[in-house]
Amino acid sequence: MRKPSYQLAVPILISCLLAGPAGAQNRARRATASSAPVLWSDPGQVENLDFFNGPGGPKNIPKTPFTFVEEDKGGTNPKIKVTDAAGRHWGVKWGEETRSEVFASRLVWAVGYYVEPNYIVTSGKVSGVKGLTRAKKYVASDGTFSNARFELKRKGISKRTDKESWSWDKNPFVGTRELNGLKIMIMLTSNWDPKDQADSQSNTAIYTNRKTGRVTYVMSDWGATMGKWGGFFSREKWDCEGYTSQTSKFVTEVSGQVIRFGYDGKHASYIKEGIRVGDVRWLLKYLGRITDNQIRDGLKAAGGTTEELDCFTRAVRSRINQLKKAVGA
């Protein structure tokens, strides 16, 4: 017996709806939401990337006036939250990490890893400031400040941090070239603080785009970089002399298909072990295309002096060349 026409109409109507633009968008969202998490994405033409403005580009440069939201009392450095004239939300930080974070994050972004857009604002004023504790050292009573790192807080992103983040030995990417590439970037920038889920405060995180469902695994803090790696009494941030002194220890040996490094920092055994020749060759397809002019632009964006531009450019290039030599590239 033929089914009544209204029973046939329902699936036809649903099919029509799914076939239309809205249906296509819904299918795309479902497909993205159910897809595997990502750690890395192709950065494109690396040699053409804008290192001065970084991942945020010129369109996202913070715009005055700034309005105070609240003081952020997390972490070790003084921070506040503000909005700018375009209605964007920013995390504003002071202290010794600002320059190293701005520069190191540009290197990491250029080879395909996610970082938050950030900029150094050399001077400005925040209206409505009140009740500051740690940040009052850097923000005057009238709201004026200098040399602050502004980090853009993108809308629609849910973040899992600390105990809800991920650890170096337990994540979906263990053993992959993408994870090993990230580890190489940690060592190349002398990031001695890659805390993970096992620590009380993690510098790893999981970001979920609430609109698309895309899940991205992130190393979220690049401030403890560009100095000396090592223990509590020897490590440094943004110290080119120290960074240069350890550059000769960056790559220490090639043993068969395994590259050995001299790195010493948190979770060092997880970071430096198991890096293969193939992992380095893969990363160099992107890292090896970064130019000295781009490195210098990134250092300028971080507020580096002329001497620091020269010093860091030489040392970073030396580390990249060590990787090339190790794999015969």
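Guide: Let us begin with burial: a residue counts as buried under 20% relative accessible area, as exposed over 50%, and as partly exposed in between. Please note that this is a predicted model.

Visitor: Is Tyr-138 buried, partly exposed or exposed?

Guide: Tyr-138 has a relative accessible area of 29%, so this residue is partly exposed. Trp-94, at 1% relative accessibility, is buried.

Visitor: How is an aromatic pair to be read, and how many does a search of the whole structure find?

Guide: Two rings pair if their centres lie within 6.5 Å, and the angle between the planes then sets the class: under 30 degrees is stacked, over 60 is edge-to-face, and the rest are tilted. The search finds 20 aromatic pairs. One of them is formed by Phe-66 and Phe-145, whose ring centres are 6.3 Å apart; the planes stand at 45 degrees, so the pair is tilted. Phe-66 belongs to strand β1 and Phe-145 to strand β5, so this pair ties together parts that are 79 residues apart in sequence. Both phenylalanines, Phe-66 and Phe-145, are buried.

Visitor: Which kind of pair do Trp-94 and Tyr-138 form?

Guide: Trp-94 and Tyr-138 are stacked, with 10 degrees between the planes and 6.0 Å from centre to centre. Trp-94 lies in the loop between β3 and α3, and Tyr-138 in the loop between β4 and β5, so the pair ties together parts 44 residues apart in sequence. Ring pairs also link Trp-94 and Tyr-138 into a cluster with Phe-66, Trp-90, Tyr-119, Phe-145 and Phe-150.

Visitor: Which charged residue sits over the ring of Tyr-243?

Guide: The residue is Arg-319, whose charged end is 3.7 Å from the centre of the Tyr-243 ring. Elsewhere, Lys-159 lies over the face of Tyr-207, 4.9 Å from the ring centre.

Visitor: Finally, where is Ser-167 found?

Guide: Ser-167 is in the loop between β6 and α4. Its relative accessible area is 6%, so Ser-167 is buried. The side chain of Ser-167 makes a polar contact of 3.2 Å with that of Asp-169. Leaving aside residues up to four places away in sequence, Ser-167 touches Asp-196 and Gln-197.

Notes:
Residues numbered from 1 in each chain as written. Predicted model: local features only at pLDDT ≥ 70, side-chain atom pairs only at ≥ 80, totals over all residues. Heavy atoms only, no water. Helix = DSSP H or I, 4+ residues; strand = E, 2+ residues; numbered from the N terminus. Buried < 20%, exposed > 50% of the residue type's maximum accessible area, 1.4 Å probe, protein only. Lys NZ or Arg CZ within 6 Å of the ring centre and 35° of its normal. Polar contact = N/O pair within 3.5 Å; in protein donor to acceptor, adjacent residues only side chain to side chain. Contact = heavy atoms within 4.5 Å.
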